[in-house]
Amino acid sequence: ATAGNPTFDLWSDPPAATSKRQTVRICGKKAASGTAPVEIVPAEESVPPASRPNDDLYNLPAQPAPKLSNKQLKARRNAELAAPNKLAVEVAHPGQSYHPDKEHHQDAIGEALSIEIRRNEALDYKQKPISDGMSQFTKEFIINNSDEDDSSDDEDDTATNVSTKIIKRKEKLTRAQRNKQKRVKAEETALKERRERKKFMHQVHEVKKTSKEVRQAEEEQRQRNEELAKLKHEKKARPLGKNVWEKISQDSPIDAPTLPVALTGEIRSGKEGGGLRTLAPKGSLVTDRLESMVARNMIAKKKTEVRKRVQGKRRKNRIGVKGTEFLLV
């Protein structure tokens, strides 16, 4: 009897995984017609099939990274250099702790109080009417003016005679009168020239004074430009995402969220057994993160102002059509 292959596995090893993926390979020289003989062979496996959840995903050719031009690389470098500083997470105020220091806690409460005062002032200004009506002085002026108008109307009605002015015809001037007018006109012209010459000489003598004033004005303008450049540099160097609550309160005090800080009566310490577990939570983590991202120009904040819409339908401009003579467009 001849020994055959065993029908059992001595070491209980799993059978080797075989791939069913195949590929096409050229197996001969190209013919004169332009085609070459091919054959279908099993594809070479670089990764075991058992570790591939989806074979079709690995069949896709790898896409090379796009090459950037020198102009694009330079633009990216300039953008990185000009990018403002950003503060991802701002450290909370020491007074917002569950067991804060007394002075720090009072400072935090003062900041929260300033936000609420600014909000109340904005609400009062928004609800206040434009005017409280006419003042007493305006009312008296209107009444007196109306009485004067009535009296003037009565006087006009009673007046019957209309005064007329007789326009005399211009008489012809004599030669002596015309010569006198010429002499007067020549004297006025000479006087005007002397005044202009005197004014010009006065300006020439004041050249030093004028140049000094110009230099002073230029120096003041240079100092002002330096101050503006310094302020712009300080504003640019200031990191984004810092003092978020204060900036929001200054921009839109009515919609600004409340500063999350516990009141003095809510903080229990000492023998009362206060701690982090007994303190009521303040603020919202989602609101804090969203406002921080808005301050860092990562997302755009939704506008809270309501658009004023005109009541009525919008109609197209159909001038000239029958039945639209009195149509408001």
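Trainee: Why is Glu 116 called partly exposed in this predicted model?

Mentor: Its relative accessibility is 24%. Buried means under 20% and exposed means over 50%, so Glu 116, at 24%, counts as partly exposed.

Trainee: And what makes Arg 119 count as buried?

Mentor: Arg 119 comes out at 11% relative accessibility. The cut-off for buried is under 20%, therefore Arg 119 counts as buried.

Trainee: What makes the contact of Arg 119 with Glu 116 a salt bridge?

Mentor: Their side chains meet at 3.1 Å, N to O. The limit is 4 Å between a side-chain nitrogen of Lys or Arg and a carboxyl oxygen of Asp or Glu, so this pair qualifies. Both residues lie in helix H3, three residues apart, about one turn of the helix.

Trainee: Nice! How do you know that Glu 219, Arg 222 and Glu 226 are linked in a network?

Mentor: Follow Arg 222. The side chains of Arg 222 and Glu 219 meet at 2.3 Å, N to O, and those of Arg 222 and Glu 226 at 2.5 Å. Both distances are within 4 Å, so each contact is a salt bridge, and the three residues are linked in a network.

Trainee: What makes strands S1 and S2 a pair?

Mentor: Pairing needs at least two bridges, and S1 and S2 have five, in the antiparallel sense. In this pairing, Val 24 stands opposite Ile 40 in S2.

Definitions and conventions: Residues numbered from 1 in each chain as written. Predicted model: local features only at pLDDT ≥ 70, side-chain atom pairs only at ≥ 80, totals over all residues. Heavy atoms only, no water. Helix = DSSP H or I, 4+ residues; strand = E, 2+ residues; numbered from the N terminus. Buried < 20%, exposed > 50% of the residue type's maximum accessible area, 1.4 Å probe, protein only.
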